[in-house]
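Hi,

Here is the structure I promised to pass on. My notes follow below it.

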Amino acid sequence: RCETCGEEEAKYRCPRCMKYSCSLLCVKKHKLTLSCNGVRDKTAFVSVNEFTDLNLLSDYRFLEDVGRTADAAARDVSVHRPTTNKFINYLRNRARRHNINLKTLPIGFTKRKENSTIFNKKEQKFYWHLKLVFPHSHAEYTLKRVPEDRTLTDILKPYIDPVESDPVVCQRLKIYTMSLHSDVQILMKIENRRQNSTRYHELDASKSLLDNLKDKVIIEYPTLFVVLKTLKNDMVVLGQDDSGSAEDSSSESSSLSSEEEGEIRESS
């Protein structure tokens, strides 16, 4: 008989508390009454006298799940990557020597987790985590360990160069590969601005990544927007709007001077 209503013949047995029930209504009622979640306890004690082949199979599958979880954790690169304050402070200090205001987010944020930027002590140069955004094709690509001395032109070749780009990528970014090289514009968002006054730096494709990042604020890693001048977009480039150019310059300089050298706004 159903152990909840005591009237109907039982059809179900709860994997958690082993109570019998006759219907979905009684199942829900017994969970509410006994505060039972209905999930089998894989680690529940079973005496030797009651141990069956089914319990053996259950234990075997439980150990397999534990092994898979441990193996996945061992393969997770983010677990082994240094995330200590010492490592982060070192990156910021090295960036400051190049006049780059590098800001980092608290551990747990998505950009903090995916950031793979490192500084190679032997070569004395940055290898940047870089994101490329192509708004006209609704495409984004992430590059890891990009050398600081690589020019933006070389970085973009595998994506928008008609000859050197990957066929699959070339097809997706067809609007870019068919455009003139002079029509391509590389922008980077100016940080520390009001939400309703977004502005962008225009970068020089002929210069290295490091030269383009100097005297700029970077949050975790650079995100470059590749746009076409002939196509309409709502990205306002710093210095190309008469009404806000003076305000833009003063806003950016004040945001940089308001912080002490090396200070990073982080939530503890």
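Is strand β7 (residues 184–189) largely enclosed by the rest of the structure, or largely open, and why? It is largely enclosed, because 5 of its 6 residues are buried. Buried here means under 20% relative accessible area with a 1.4 Å probe, protein chains only.

Some ground rules. This is a predicted model: local features need pLDDT of at least 70, side-chain atom pairs count only at pLDDT 80 or more, and totals for chains, interfaces and linings use all residues. Residues are numbered from 1 along each chain as its sequence is written, and side-chain values use heavy atoms, without hydrogens and water.

Back to β7. Strands are DSSP runs (E, at least two residues), numbered from the N terminus. They pair if DSSP finds at least two bridges between them. β7 runs antiparallel to strand β10 (residues 223–228), joined by 5 bridges. With strand β8 (residues 200–203), β7 makes 4 bridges, also antiparallel. Methionine 188 faces leucine 224 in β10. Its bridge partner in β8 is histidine 201.

Next, the largest pocket. Its volume is about 400 Å³. Of its 17 lining residues, Arg40, Asp41, Val46, Asn55 and Ser58 are closest to the centre. By class, the lining has 7 nonpolar, 4 polar and 6 charged residues.

Last, the record. An unreviewed UniProt entry annotates residues 2–36 as "domain: HIT-type". Such annotations may be inferred rather than shown by experiment. The end C-alpha atoms of residues 2–36 are 16 Å apart.

Best wishes

Note on methods. Buried < 20%, exposed > 50% of the residue type's maximum accessible area, 1.4 Å probe, protein only. 1 Å grid on protein atoms, 1.4 Å probe; cavity = no way out; pocket = protein on both sides within 12 Å on 5 of 7 lines; lining within 4 Å. Points joined across faces, edges and corners; volume = space filled by probe spheres on them. Nonpolar A, V, L, I, M, F, W, Y, C, P; charged D, E, K, R; others polar.
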